[in-house]
Amino acid sequence: MAMTTTPAPDVPVGLDEAPVVPPKPARRKSLMKRLRRAPVLYLMLLPGLAYFAIFKYAPMYGITIAFQNYLPFLGMGGSPWVGFDHFVRLFSGPDFGRLLSNTLILAFLNIVIAFPAPIIVALMLNELRKQMLKKFIQTAIYIPHFLSWAIVSGLTYLLFALDIGPITVLFNDVFGTRVNFLADPDWFRPLIMAQTLWKGTGWGTIIYLAALAGVDKNLYEAANLDGAGRFQQMRHVTIPAITPTVVIMLILNIGNFLDTGFEQIYMLTNSLNREVADVFDTYVYFMGITNGAYSYSTAIGLFKSVVGLILILGANWLAKRFTQSSLF
Amino acid sequence: MFSRRTLLAGTALGAGALGLTACGGGSGSGSGEPLTALKIMAPLLSETAPDPEGQLHKAIEEFVGMPLEITWVPNSSYGDRVTVTMASDNIPHIMVQTGKSAEFVQTATAGGYWDLTDILPEYPNLTPENPDVAHGASINGKTYGVFRLRDAMRASVILRKDWLAKVGLDEPVTTTDLEEIARAFTEEDPAGDGSATYGLILPAWGGYGNNGPYDLWETWHGTANVWKDEGGTLSPAFLAPEFIEANTSMKAIIDAGHTNADYATMDAATWNDPFVKGQGGIIADVSSRGKQLLSLFQEADPEGYGDKVTMVGNLKSPDGTLWSLPTPGYAGYLAIPKSSVQTEEQLATVLGVMDKLSSEEGQRLLNNGIEGVNYEVEDGMSVPIESEEGSLVSSDVSAFAQIGTQSNGYLGLSSKPAGEAEAAMEEKRQATADSDLESAVFNPGAAYVSDAYTQNGAILDQIVVDARLKYLAGQLDEAGLQAELQRWTDSGGQQVIDEMNELYQAGA
């Protein structure tokens with residue numbers, strides 16, 4: 001992962017960028033010079049460049065169908081152009097408001113609940129003294145990550161089925177209610193969050209544990225000598241040490257802000273909770289695959305990507321401004 | 001200079017990749033040359049794809065006088081593969097289309113498939129036997145494929161025969177009878193061991209107007225089949241008062257607890273389970289499920305399985321009128337893409353093969369197999385031959401049946417029932433199907449596809465399906481249901497109604 005820690009800029013933000021751009025001819029000359037000096041090294045770059053060109057950049061040509069009425073048999077060359085019609089249809093359509101709010105709510109819950117959870121667990125694991133116990137817990141909480149969403153959904157249906165599922169039965173017995181978790185729209189988001197936490201939290205700790213392992217032991221020793229308790233050590237040594245990692249992870253997460261995931265939501269959706277479950281990702285499937293509206297669903301996907309790009313740039317800018325660590 | 005050349009090569013590679021993708025959507029291969037082999041793409045519903053060197057494949061090739069290259073695609077991903085294939089440059093000569101999907105309708109009307117309206121009458125075995133089904137299978141009156149014939153009357157109510165005897169009730173005739181049976185199955189311990197049971201088994205059903213259990217219930221209560229014709233004007237069946245009346249009586253069954261509690265979430269693939277396990281006792285679905293259940297009981301109880309399952313056809317409304325719900329009478333098409341079959345000579349070759357396959361001999365090959373290898377004829381019915389060779393061919397038959405059309409009427413052999421219970425059920429099924437067909441409520445809008453529906457149909461149908469289920473679950477009251485149905489009209493439904501009427505009045 002590319003990560004830079006720049007010193008606090010002395011100049012006002014926005015001004016520090018201008019003089020950095022070198023004049024063009026000089027740059028080309030230096031590239032040629034470097035190429036001549038180490039041709040083999042640059043040759044090794046080629047497969048990587050080719051990979052990005054073929055698998056990442058070339059397929060972007062497909063975005064053009066968002067501006068066409070694409071029909072597979074006419075192909076991209078033969079389908080009629082319609083300009084921004086599909087975007088107009090999306091933004092003025094009856095579903096847009098509902099899709100946007102459902103997506104934003106889930107995205108917000110992801111950032112507020114699912115994002116900090118691995119950090120907290122990692123900090124807790126870090127405080128465990130018994131290495132054996134720590135390793136055991138680590139391994140145990142990684143396991144759910146390796147189950148596919150289909151299996152997680154299957155388990156959810158088994159555990160939460162009305163009148164049969166053990167959790168539903170227990171809940172309804174204790175509270176004297178008859179809650180149908182799987183069909184009640186009010187319980188849809190809590191269920192999704194529970195699934196996300198169960199599946200992802202353990203795996204998410206890996207990167208933070210790695211960051212924690214890199215904290216200088218001398219700092220703890222010094223803090224200890226200064227009379228800091230464990231809680232104070234955590235506050236003043238551990239947390240500042242992993243803050244750059246947290247910020248980078250947060251920026252990456254915000255870039256995927258609107259990616260609420262397809263499988264997980266699709267499999268938990270039914271007629272009774274659809275009003276809160278419909279998000280852009282499931283809508284794209286529905287329109288694109290079920291209804292064959294390829295252009296329209298590409299337009300939705302493009303809209304999502306543009307929002308993601310803006311968010312990641314914005315988050316990166318904010319992070320650079322306030323914490324001096326950023327992604328690029 | 002070495003480095004510059006490599007750089008150039010990299011750029012060329014990138015540009016080449018762009019060019020490749022750009023061509024990916026091209027019009028496909030093929031030329032005006034006579035066809036030497038026939039490429040077919042078909043869905044595979046059985047476990048294993050037939051071996052192209054297998055006995056049946058070879059026999060069919062010999063029969064049509066041409067090598068066949070068949071791409072068998074698992075049914076679950078068939079729709080996606082059709083799209084991808086149509087965008088590729090390896091397009092088959094015959095494409096099985098499983099229905100009027102948006103993709104098929106758009107491609108066909110844009111000229112991607114041969115319009116066969118005026119051509120089919122030249123082929124005796126491709127001329128439809130039933131003009132009503134043919135009209136319903138057309139797209140706004142035009143034929144873009146040879147439809148695959150299916151039974152028009154499949155609706156059935158399947159019940160636990162032993163439970164009926166235990167609670168002392170007769171087989172249902174009206175929907176009121178069924179409500180009483182559902183109650184008795186829930187409250188009167190039909191299993192006789194005190195276990196918790198219920199009446200009607202309802203799965204989470206996707207889609208509207210596709211012969212689901214709620215569609216059946218609505219038709220039995222007098223709701224029209226998708227579209228209602230009132231004095232030459234079409235209106236959606238669910239906007240009529242009968243729709244709400246029917247669902248109100250269904251809601252009463254659900255509210256009373258005479259169905260499974262998880263009716264909103266139960267996977268339709270597990271529909272048989274509660275019936276076989278003795279949890280629920282009624283399924284409203286298609287008649288073939290009755291046979292399926294019979295054979296499931298046979299596994300557990302080879303002697304007395306015949307007493308476990310009984311089946312009746314469509315039910316009468318509470319006032320005794322019979323409205324029965326037919327299927328469209330066909331299941332998709334064999335369509336011929338213009339990008340692979342480019343000349344009329346080539347088209348004649350393809351249609352010639354299809355015509356042969358629809359002859360009596362062809363139909364028997366596709367639907368029964370090879371006489372003397374996997375079946376023999378007994379009383380005009382087919383009886384399977386138990387042998388390794390025979391079972392291989394029989395397994396291939398289940399796949400090849402998918403490329404049969406039978407639009408000229410089914411000329412293959414029906415299979416001889418395995419036991420007495422099966423024979424009795426089959427006889428009853430046949431009799432009920434024939435009498436139910438006389439009261440069938442056909443969809444007057446079946447032949448018409450509006451542009452607005454092609455664009456928004458999936459979303460619009462979903463509104464109706466969700467609103468119906470929310471009403472049944474009590475999340476919506478009657479006013480709420482009305483409001484949701486109004487949302488259907490406002491979200492583009494009105495445009496569908498207008499376009500349908502325009503097409504209907506032009507075609508009728």
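A residue counts as buried here if 20 or more other C-beta atoms lie within 10 Å of its own. The legends below describe close-ups of a predicted model.

**Figure 1. Strand β11 of chain B is mostly covered.**
The strand spans residues 330-335. Five of its six residues are buried. β11(B) pairs with β3(B), residues 94-97, through three bridges, and the two strands run antiparallel. Here B:V96 stands opposite B:L334. β11(B) also pairs with β4(B), again in the antiparallel sense and over three bridges. In that pairing, B:L334 is the bridge partner of B:V146.

**Figure 2. Five strands of chain B form an open sheet.**
The strand order is β2-β1-β3-β11-β4. The pairing is mixed. Strands of a sheet pair through backbone hydrogen bonds, either parallel or antiparallel. β2 (68-74) and β4 (146-149) of chain B stand at the edges. Each has a single partner strand, so one side of each is left without a neighbour in the sheet. From one strand to the next, the twist averages 25°.

**Figure 3. Strands β1 and β2 of chain B run parallel.**
β1(B) covers residues 38-44. Seven bridges join β1(B) to β2(B). One of the residue pairs to look for is B:L44 with its bridge partner B:P74 in β2(B).

**Figure 4. Helix α11 of chain B has its buried residues on one face.**
The helix runs over residues 287-300. Its buried residues are B:S287, B:G290, B:L293, B:L294 and B:F297. Several elements of chain B cover the buried residues of α11(B). Among them are the strands β5 (155-160), β9 (280-286) and β10 (309-312). The helices α10 (272-276) and α15 of chain B are also included.

**Figure 5. B:D189 and B:V226 have positive phi angles.**
Most residues other than glycine have a negative phi. B:D189 has a positive phi of about 45° although it is not a glycine. B:D189 lies in the loop between α7 (175-187) and β6 (198-200) of chain B. With 16 other C-beta atoms within 10 Å, B:D189 is partly exposed. B:V226 is not a glycine either, and its positive phi is about 65°. The loop that holds B:V226 runs between α8 (213-220) and β7 (227-230) of chain B. B:V226 counts as buried because it has 20 C-beta neighbours inside 10 Å.

**Figure 6. B:E438 is an exposed loop residue.**
The loop lies between α15 (420-437) and α16 (451-473) of chain B. B:E438 has 9 other C-beta atoms within 10 Å, so B:E438 is exposed. B:S324 is 114 residues away along the chain. The C-alpha atoms of B:E438 and B:S324 are separated by 8.5 Å.

**Figure 7. Domain 1 and domain 2 of chain B are in contact.**
Domain 1 of chain B comprises 29-151 + 329-403, and domain 2 comprises 155-325 + 420-473. Their centres, taken over C-alpha atoms, are 32 Å apart. Eleven residues of domain 1 are in contact with seven residues of domain 2. On the domain 1 side, α4 (102-109) and α5 (131-137) of chain B are the elements that give two or more residues. α4(B) supplies the largest share, three residues. By class, the domain 1 side has three nonpolar, six polar and two charged residues.

**Figure 8. Chain A touches chain B.**
The contact takes 40 residues from chain A and 42 residues from chain B. On the chain A side, the elements that give two or more residues are α1 (24-37), α2 (39-57), α3 (75-78) and α15 (280-290) of chain A. α2(A) gives the most, with nine residues. By class, the chain A side has 28 nonpolar, eight polar and four charged residues.

Definitions and conventions:
Residues numbered from 1 in each chain as written. Chains lettered and ligands numbered in written order. Predicted model: local features only at pLDDT ≥ 70, side-chain atom pairs only at ≥ 80, totals over all residues. Contact = placed C-beta atoms within 7 Å. Helix = DSSP H or I, 4+ residues; strand = E, 2+ residues; numbered from the N terminus. Nonpolar A, V, L, I, M, F, W, Y, C, P; charged D, E, K, R; others polar. Pairing = 2+ DSSP bridges. Axes fitted to C-alpha atoms, helices over the stretch in contact; angles between N-to-C directions. Buried ≥ 20, exposed ≤ 12 C-beta atoms within 10 Å, placed from the backbone. Domains from an automatic or database assignment. Arc of directions from axis to C-beta.
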